[in-house]
Amino acid sequence: MSEPLIKFSSVNKKYGHIHALRDVSVSFEKGEFVSVFGPNGAGKSTFLKLLCTMTSPSSGEISYEGVPLKKLRDEYRSRFGVISHQPFLYSELTAMENLRFYAQLYGVKHIDERIKELLTKVELYKRRNDKVRGYSRGMLQRLSITRALLHNPDIVVLDEPYTGLDTHASDILTKILTELFDSLRTIIMVTHNMKQGYDAASRLAIIRRGKLVFDKKKSDISLTEFERSYTEAVS
Ligand SMILES: Nc1ncnc2c1ncn2[C@@H]1O[C@H](COP(=O)(O)OP(=O)(O)OP(=O)(O)O)[C@@H](O)[C@H]1O
């Protein structure tokens, strides 16, 4: 049998005396869209950071197609698109300059066509020559989504991507996520929005006090049942 795309084996993460993740064992496959829920401080961001090698486990192992991450960090990182609270954009550069910089870094081909395609999708193409420092929170988030998707990543990781977005920007994000969700890509999203997370996903997970306490296919549970399970799991 082939190895899972990503596999956590008994992963623990401690920050000093804080035990942020406890003995997490879980696997992800290509084509899955996993929404991860949990209360504040449960360990969700820590989980995402471990996944994209922004931090390392205190014990246990994470592997990619059977190879421990320690052995393939750079190669593995380039397969990711990360959308988090931090936009990773240069405020004194224009949107175009920022995106060209990242596109070159990622080795994107046909850079200007790719940037145009994505900026048009997030409705920022007309503002492409404006400096990022003049962008609103929602515009920054949309530009940060563009930055993360430039190199057409295989694995997209999102940490509360809807935070701070108005309805229109949320709709644009939902549309982009729907388009991204195909059999070749893996999407893992942390969110506090039960309905958005449920609607988008193929699999639902709940982390509580550092432990993975719920992990089910969406097809096995309705939104109402899931909301009930969430309340039970975190109370
Ligand atoms: N760099 C760090 N140094 C020390 N403690 C940390 C660090 N990062 C996270 N923690 C602690 O680890 C625990 C889990 O934090 P984490 O940010 O992963 O939770 P979360 O579920 O993403 O929370 P939220 O929903 O509030 O974003 C918390 O107790 C947090 O204070």
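In this predicted model, a polar side-chain atom of Thr-46 lies 2.6 Å from an oxygen atom of the ligand. Such a polar contact is a pair of N or O atoms within 3.5 Å; within protein, one atom must be able to donate a hydrogen and the other to accept it, and residues adjacent in sequence count only if both atoms are side-chain atoms. Lys-44 and Asn-40 also place polar side-chain atoms by ligand oxygen atoms, as tabulated here.

| Residue | Distance from side-chain N or O atom to ligand oxygen |
|---|---|
| Thr-46 | 2.6 Å |
| Lys-44 | 2.7 Å |
| Asn-40 | 3.0 Å |

The ligand taken alone exposes 630 Å², of which the protein buries 61% (areas by the Shrake-Rupley method with a 1.4 Å probe; for residues, only the protein chains shown count as cover).

The model is predicted, and local features need pLDDT of at least 70, side-chain atom pairs count only at pLDDT 80 or more, and totals for chains, interfaces and linings use all residues. Residues are numbered from 1 along each chain as its sequence is written, and side-chain values use heavy atoms, with hydrogens and water left out.

**Ligand shell**

The ligand is surrounded by 13 residues, and Gly-41, Gly-43, Lys-44, Ser-45 and Thr-46 are the closest (a residue is near if one of its heavy atoms lies within 4 Å). Strand E2 (18–28) and helix H1 (44–51) each contribute at least two shell residues, with H1 giving the largest share, three residues. Helices (H or I, at least four residues) and strands (E, at least two) are DSSP runs, numbered from the N terminus. By class, the shell holds five nonpolar, six polar and two charged residues (Ala, Val, Leu, Ile, Met, Phe, Trp, Tyr, Cys and Pro count as nonpolar, Asp, Glu, Lys and Arg as charged, and the others, Gly among them, as polar).

**Cavity and pocket**

One cavity of 30 Å³ or more is found in the whole structure, and the largest cavity has a volume of about 40 Å³. On a 1 Å grid over the protein atoms alone, a cavity is a set of points where a 1.4 Å probe fits but cannot get out, whereas a pocket is an open set with protein on both sides within 12 Å along at least five of seven lines; lining residues have an atom within 4 Å of a point. Grid points are joined across faces, edges and corners, and a volume is the space filled by probe spheres set on the points.

Residues lining the largest cavity include Val-26, Phe-47, Arg-203 and Asp-215. Its lining comprises eight nonpolar, no polar and two charged residues, and strand E9 provides the largest share, three residues.

The largest pocket contains about 360 Å³ of space. Of its 14 lining residues, Arg-77, Phe-80, Val-82, Tyr-106 and Arg-147 lie nearest its centre. Strand E6 (80–83), helix H3 (95–106) and helix H5 (137–149) each supply at least two residues of this lining.
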